[in-house]
Every structure is written in C-alpha cells, then in structure tokens.
Amino acid sequence: MTETEGRFLVTHAEEESAVLKDVDRGQVHTLGDNPGVEEGELLEGAVAPEPPMEVTYELVEIETRRNLTVDHSPEPPTKQERDIAAEQAEGELTTQERAGIGELHVLTVPDDETDEAVEDVLDDEATLVRAARLDVNRVEIRSEPGIVCVRYLP
C-alpha cells in the first residue's frame with residue numbers, strides 16, 4: 001500500500017464517502033468512506049489506496065485540518081483595486097501579492113456581467129485550491145459594476 005502525503009481539499013462530502021483533491025499535484029482521491037470530513041476543509045495528511053482493488057482511498061493520517069471560506073463582501077473594492085482595474089482592459093486579470101500573506105486578483109468584466117462573474121468565483125473549486133496553495137484561510141470577494149476583486153486573506 002503506497003501512501004501519498006500532501007494537502008487535500010475536501011471538494012465533496014457525503015455521509016458515506018468524500019472526494020479529496022491534492023492541491024499541489026491536482027490528483028483526485030475518492031474515499032471509500034467519510035471519516036468525518038466536510039466540504040471546504042483543507043487537510044494535511046496522507047491517503048492510501050484501499051485493497052484489494054485500490055480504486056478508492058482511505059485517509060490514513062491527518063496532521064492538521066482547517067476550514068477555508070469564500071464570501072462575497074458587501075464592501076466595495078478599495079481605491080487600490082479600482083486604480084488597478086482602471087489601467088486594464090475589460091476581460092483582463094491582474095494578480096498582486098499582498099503585504100504579508102495572500103494575493104489580490106482584480107478582474108475587469110462587462111458591467112452587466114459583474115454578478116455572474118462573482119457567482120463564478122464563488123462556485124469555482126479553483127478559488128479554494130488557490131487559497132490552499134497560498135496557505136490562507138479566507139477568500140473575500142468585493143465587486144462593483146465592471147470590477148471583481150478576489151482577496152486571498154490569512
């Protein structure tokens with residue numbers, strides 16, 4: 001039995017099973033049972049294939065676990081975020097490191113598609129995967145017509 005150690009995002013969890021995504025390698029592991037994990041949790045630990053067929057996995061070790069959250073803030077984008085958006089064309093993305101831990105992503109979108117873009121970011125598994133890779137706990141989305149700001153925060 002070969003164990004794989006890493007950081008795993010719980011992308012789906014039901015009473016009888018769960019799906020983990022290795023945030024560093026992209027591999028997906030379906031657990032044969034749910035050992036008490038919940039969707040949106042980030043686990044650092046190890047998984048191993050379950051014998052005899054080795055098509056499902058078991059979570060053999062959990063070193064740490066924490067919840068990742070993604071929220072749409074009622075706050076508007078900051079002046080810095082609006083300035084970044086003003087300098088880029090519609091459909092572009094600017095990524096900037098934050099002081100300390102995290103990142104800031106500024107997207108410019110058509111005014112009438114802002115709400116849809118926010119929903120896409122909220123529902124996108126990649127948002128949580130990036131948060132896990134950046135080692136942050138929280139993602140905050142701010143928006144106003146034409147601008148979507150994704151803030152990856154400690």
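Modeller: The protein chain contains 3 helices and 10 strands, where helices (H or I, at least four residues) and strands (E, at least two) are DSSP runs numbered from the N terminus. This is a predicted model, in which local features need pLDDT of at least 70 and side-chain atom pairs count only at pLDDT 80 or more, while totals for chains, interfaces and linings use all residues. Residues are numbered from 1 along each chain as its sequence is written, and side-chain values use heavy atoms, with hydrogens and water left out.

Biologist: In what order do the elements of the protein chain run from the N terminus on?

Modeller: The order is β-β-β-β-β-β-α-β-β-α-α-β-β. Along the principal axes, the C-alpha atoms fill a box of roughly 55 × 30 × 25 Å.

Biologist: How many residues does the protein chain have, and what percentage of them count as buried?

Modeller: Buried means under 20% relative accessible area, exposed over 50%, and partly exposed in between (1.4 Å probe, protein chains only). Here, 42% of the 154 residues are buried.

Biologist: Which residues have the most contacts inside the largest nonpolar core?

Modeller: A nonpolar core is a set of buried Ala, Val, Leu, Ile, Met, Phe, Trp, Tyr and Cys residues joined through side-chain atoms within 4.5 Å. The largest one has 18 residues, and those with the most contacts inside it are Leu9, Val23, Leu68, Ala131, Val148, Val150 and Tyr152. At least two residues of this core come from each of α2 (114-123), α3 (125-133), β9 (138-144) and β10. The element that gives the most is α3, with 4 residues. A second, separate core has 10 residues, including Phe8, Leu31, Leu43 and Tyr57.

Biologist: With which residues is Ala131 in contact, leaving aside its neighbours within four places in sequence?

Modeller: Contact means heavy atoms within 4.5 Å. On that basis, Ala131 meets Leu68, Val136, Val139 and Tyr152.

Biologist: Where does Arg151 lie, and why does Arg151 count as buried?

Modeller: Arg151 belongs to strand β10 (residues 147-153). Arg151 counts as buried because its relative accessibility is 14%.

Biologist: With which side chain does the side chain of Arg151 make a polar contact?

Modeller: A polar contact is a pair of N or O atoms within 3.5 Å; within protein, one must be able to donate a hydrogen and the other to accept it, and residues adjacent in sequence count only if both atoms are side-chain atoms. The partner is the side chain of Glu81, at 2.8 Å. Not counting residues up to four places away in sequence, Arg151 touches Thr78, Glu81, Glu103, Leu104, Arg138, Val139, Glu140 and Arg142.
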